[in-house]
Amino acid sequence: MSALTWSKLYPRVSSADPALYEQLSHWKNQSESTAVAILRGQHFLAATPAALSYFESLEQNFIHATPFDFSPRLQSSGRSSVEYGLQMIKKAAKGEVVSFNWLHMSQQGKELPTLLTLYPALLDGDQILLVFFKPMDRRKRSRASISNGFETLPKELMSITLEDSAEAVYITNEDNQILAVNKAMCRICGYSAEHLLGKTPLELKLELQQKSSVPDTPLKGTGSWQGEVKKCRSDGSTFPAWQSCRRIYADNTVFYVNLFSDISEKKALEAKLTQQAMYDKLTGLPNRFHLIQLLSKAINNIKKSPEMIGALMFLDLNGFKNINDSFGHSTGDKVLQLVAARLEACCIENAEIARLGGDEFTLVLPLCHNREEIEAFSEQILSLFEAPFEINGQKFYLGTSIGISLFPQQSDEPNQLLSMADTAMYSAKKSPNHIRFYNATIREAAEKKLHTLNDLRHAQGLGQFSLAYQSIIDLESNDIVAVEALLRWTQNNGEIVEAQDFIPLLEEAGLMVSIGQWALEQACIQMQQWQQEFDPQLKISVNISRSQLEHPDFIPMLKGLLARTQLPANTLIIEITESALIHRPKFMANVLAQLKEMNISIAIDDFGAGLSSLSRLSSLPLDSLKIDSAFAQRLNTNQGQKLCKAIMQLAQTLEIDVVVEGIETQSQRDLLLNLGKGMGQGYFFDKPVKAESFTLDLLSPIYDTQQARYRVSGR
């Protein structure tokens, strides 16, 4: 748009406000003495001669400039000029006359404290603002006395300061010819002062072609400009620079002062920080933050192709935790790098890959035709894990579970899609093919789990946890040799839940240590009572989780508990699962050794259901093996009998007692008795019941009968 002078534009300004209409008539005849400007949006269209004089500016420099070109970065109040100014402009644009104090800067750099008034008006029917500038009274008090002090210094000192500045400086005239340069300009660009003077930057090819966002003449339309440019040295090499330009009037002559600095190191540091902020350090893949950006871009792009669908795949490695625990984090990190390399080799053209952390990876498939295509790609990902990962001659076998959410069908919000895929992945771990698409069923299961977790967090406070007791029987004598304490949870609806169905959730919620300690204490108190009432040789068996064993206060807590309850340590049996021993084996071995020093018995629970290790059995201070109930169910087969016999013989060789779980019939009990000496536990003998029932139905009949027999025999 060509510049239009005040006299041409102002007659076309109108207002429906009677008060402003009178003001418009007054300003029409007072343009030489009243500082007023027309503002449309954020740019000045015209100004009175008085306004131009006030800002010490020519009309061509004022037109198209913004109010912020004549303002410091911060106002006297400390507020941002741009932020505060836009707020006032927006307020006036709604039809309200707005007055406020403002600090302006003239083209010559003088401070101009001003009372600004913004009047809403119309220009040819379009909304504008008339800006009235009223100098503040304190402007009459010379502000030179509190200036920056430069005007008081000798010109020679200013010249030396400019000459020795670390920033490159060159000054040009209106024809863009270089009139002066400092040492930094010569050093950075590789030219002598003699070579630079009298030439234009274009002749010397000091700058690369400017981008469209940068004006050909940096000062076009305004009196100052700053931004990033690409500079060239005398040898043709390029470097990024931050340049500021300012038009200065002195002695009725126009000068252009240009300052710039080499920001190569700054850009390199920014690139490094961006790399660290956007990419995973271990694998070089995009991280979670970067993934959200990639996913947002994919969502926006697919909206242009409504016939297509996008997919977010959430991968979790099956078996990785065992590698990390058994071989250390260094080996685990190498495995993760190999996984990332395989994923990149397979998916580089089809998907964006990211690592969220740990053993979790994601893939973004931006454009797919249907679910079948996505599922086929998922199966291709699964096939990547069929071959082992080899490190230093050691082969590691891993699998993966894949949860998938679809966009934009299921959501167009990246974090929600990530949550959906994560939820589907946990469901995929339990599915046969380890691939699950997020759906309503998975959502309902996740919501149910969330409610269950919430209920568990309040269960202890509501007194909903209790213990049930089940006997452990000597198969040969049929005597009760020990009692196992089993944790139960009575939900709000009265339903009783067994430990195996909620213990994993207690672990996930971080409640296992406190609940486990409560259960252990209750079991010890109960057994101490039974020992006093019936038999001091009775033993109590309690399941202890891995998180309890790993807790730094476990051993001190256990010692204190035995002291408080007066329970003999040799009548306490600690049951531990095989999986607990795999994690941090050296640490676990040390904990078990401390338990043995306390004379506490140690049993391996569910033996044979996990990764049984004969070498581990022989190296740990174990007292008994509890054979998993699945073996008892197979006693009707020849192979099942052979397996049980082998385990019992192995335990006998290692001088370890055997308890077979899950005995439900007389035939199972008889078969086990024929295989060798040992103990049994199961519904054939009794079901888990509360302490009161266990006392009345099991202990009292046995020991009352024994006492009666002693009395008859005269003992």
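This is a predicted model: local features need pLDDT of at least 70, side-chain atom pairs count only at pLDDT 80 or more; totals for chains, interfaces and linings use all residues.
Residues are numbered from 1 along each chain as its sequence is written, and side-chain values rest on heavy atoms, with hydrogens and water left out.

The structure contains 18 salt bridges, a salt bridge being a side-chain nitrogen of Lys or Arg within 4 Å of a carboxyl oxygen of Asp or Glu. In one of these, glutamate 228 pairs with lysine 267, with 3.1 Å between the closest N and O atoms. This pair links distant parts of the chain, 39 residues apart: glutamate 228 lies in strand β9 (residues 224–232) and lysine 267 in helix α10 (residues 264–278). Helices (H or I, at least four residues) and strands (E, at least two) are DSSP runs numbered from the N terminus. Glutamate 228 is partly exposed at 38% relative accessibility, and lysine 267 is partly exposed at 30%; buried denotes under 20% relative accessible area, exposed over 50%, and partly exposed the range in between (1.4 Å probe, protein chains only).

A salt bridge also joins glutamate 521 and arginine 564, at 3.5 Å from N to O. Here too distant parts of the chain are linked, with glutamate 521 in helix α18 (residues 512–533) and arginine 564 in helix α20 (residues 554–565), 43 residues apart. Glutamate 521 is partly exposed at 23% relative accessibility, whereas arginine 564 is exposed at 52%. Arginine 669 and aspartate 670 form a salt bridge at 3.5 Å, N to O. Of this pair, arginine 669 is buried, with a relative accessible area of 13%, and aspartate 670 is partly exposed, with 30%. Shared partners connect the salt bridges of Glu484, Glu575, Lys626 and Glu661 into one network.

Nonpolar cores were defined as sets of buried Ala, Val, Leu, Ile, Met, Phe, Trp, Tyr and Cys residues joined through side-chain atoms within 4.5 Å. The largest comprises 79 residues, and Trp530, Ile540 and Leu572 have the most contacts inside it. Helix α18 supplies the largest share of this core, eight residues. Not counting residues up to four places away in sequence, the contacts of leucine 572 include Leu520, Cys524, Ile540, Val542 and Leu558, contact being heavy atoms within 4.5 Å. A second, separate core has 36 residues, among them Leu317, Ile323, Phe377 and Leu406.

In helix α17 (residues 499–509), the buried residues are Ala499, Phe502, Leu505, Leu506 and Ala509. Viewed down the axis of α17, they fall within an arc of 140° and so line one face of the helix; the arc is that of the directions from the helix axis to the C-beta atoms. The face turned away from the buried side of α17 carries exposed Gln500 and Pro504. Elements covering the buried residues of α17 include α16 (440–459), β19 (465–474), β20 (480–490), β21 (496–498) and α18.

Five strands form an open sheet in the order β8-β7-β11-β10-β9, with antiparallel pairing; two strands pair if DSSP finds at least two bridges between them. The edge strands, each pairing on one side only, are β8 (178–181) and β9. Strand β7 (residues 168–172) runs antiparallel to β8 and is joined to β8 by three bridges. Isoleucine 171 has alanine 180 of β8 as its bridge partner.
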